[in-house]
Amino acid sequence: IVMVLGLTGCLNKEKITQDVFKNVVETYGLTVIDKSIEFPDKMLLSYLSATNNEYFIEYYEFDSEENASELYESNKIEIENSKGSSYSQTDLNGLNYQLYTLTSKGKYIFISRIENTILYSEVKEEYKDEIKEITKDLGY
């Protein structure tokens, strides 16, 4: 079974700051860890990981939209290459954002870019609804 959804939107989305990310995910009981120091690359301005015992969501802020877009595209290719014969995916592109999700092999993978920020999560499929709810609250 293969289900594919691809749309091109004209909608603009508003990126969030690391503080907004932290505040929202903490309301879901996630613990936020600032991992920015692990990547002293000047292109990466901020890297936060929000976790609990079941899943994680990561927030990245880059110095430019171009650098964020490059990382998004390279990760999307890797994710696409990991899909099995049975999968569902979403692929959306707007004026200032991109969104790709994949459900396959018992996993749900979410990656979304708005301007120079990216949210990423890879979880067991059983936590798909939780990730969808959190990322929706974050506006991604």
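Predicted model: local features only at pLDDT ≥ 70, side-chain atom pairs only at ≥ 80, totals over all residues.
Helices (DSSP runs of H or I, at least four residues) and strands (DSSP runs of E, at least two residues) are numbered from the N terminus. Residues are numbered from 1 along each chain as its sequence is written, and side-chain values use heavy atoms, with hydrogens and water left out.

- Strand S4 covers residues 56-62 and is mostly covered, since five of its seven residues are buried, where buried means under 20% relative accessible area, exposed means over 50%, and partly exposed lies in between (1.4 Å probe, protein chains only).
- Two strands are taken to pair if DSSP finds at least two bridges between them; S4 pairs with strand S3 (residues 44-51) in the antiparallel sense over seven bridges, and S3 and S4 form a hairpin with four residues between them.
- S4 also pairs in the antiparallel sense with strand S8 (residues 117-124), here over four bridges.
- Glu58 of S4 has a counterpart in each of these pairings, standing opposite Ser49 and opposite Tyr120 in S8.

**Nonpolar cores**

- A nonpolar core is a set of buried Ala, Val, Leu, Ile, Met, Phe, Trp, Tyr and Cys residues joined through side-chain atoms within 4.5 Å; the largest one has 24 residues, and those with the most contacts inside it are Phe21, Val25 and Leu138.
- At least two residues of this core come from each of helix H1 (18-26), S3, S4, strand S6 (97-104), strand S7 (107-114), S8 and helix H3 (128-138).
- Apart from this core lies another, of 14 residues, which includes Tyr60, Ala68, Tyr100 and Ile118.
- With contact meaning heavy atoms within 4.5 Å, Phe21 touches Ile16, Leu48, Ala50, Ile57, Glu58, Tyr59, Leu119 and Leu138, not counting residues up to four places away in sequence.
- Thr135 is found in helix H3 and is buried, with a relative accessible area of 3%; Thr135 touches Phe110, Leu119 and Tyr140, again not counting residues up to four places away in sequence.

**Salt bridges**

- A salt bridge is a side-chain nitrogen of Lys or Arg within 4 Å of a carboxyl oxygen of Asp or Glu, and by this rule the count comes to four.
- One of them joins the side chains of Arg113 and Glu65 (3.2 Å, N to O); Arg113 lies in strand S7 and Glu65 in helix H2 (residues 65-81), so the pair ties together parts that are 48 residues apart in sequence.
- In another, the side chains of Lys76 and Asp91 meet (2.8 Å, N to O), and the pair links distant parts of the chain, with Lys76 in helix H2 and Asp91 in strand S5 (residues 87-93), 15 residues apart; both Lys76 and Asp91 are buried.
- Lys107 forms a salt bridge with Glu122, the closest N and O atoms being 3.0 Å apart, and this pair links strand S7, which holds Lys107, to strand S8, which holds Glu122, across 15 residues.
- Lys107 is partly exposed, with a relative accessible area of 31%, and Glu122 is partly exposed as well, with a relative accessible area of 28%.

**Loop residues with positive phi**

- Lys105, found in the loop between S6 and S7, has a positive phi of about 55 degrees although it is not a glycine, and Lys105 is exposed, with a relative accessible area of 61%.
- Glu115, which lies in the loop between S7 and S8, has a positive phi of about 50 degrees although it is not a glycine, and Glu115 is partly exposed, with a relative accessible area of 27%.

**The second largest pocket**

- On a 1 Å grid over the protein atoms alone, a pocket is an open set of points where a 1.4 Å probe fits, with protein on both sides within 12 Å along at least five of seven lines, and lining residues have an atom within 4 Å of a point.
- About 180 Å³ of space lies in the second largest pocket, the volume being the space filled by probe spheres set on the points, which are joined across faces, edges and corners.
- The lining of this pocket includes Phe39, Asp41, Tyr47, Tyr60, Phe62 and Asn67.
- S3, S4 and H2 each supply at least two residues of the lining, and the largest share, three residues, comes from H2.
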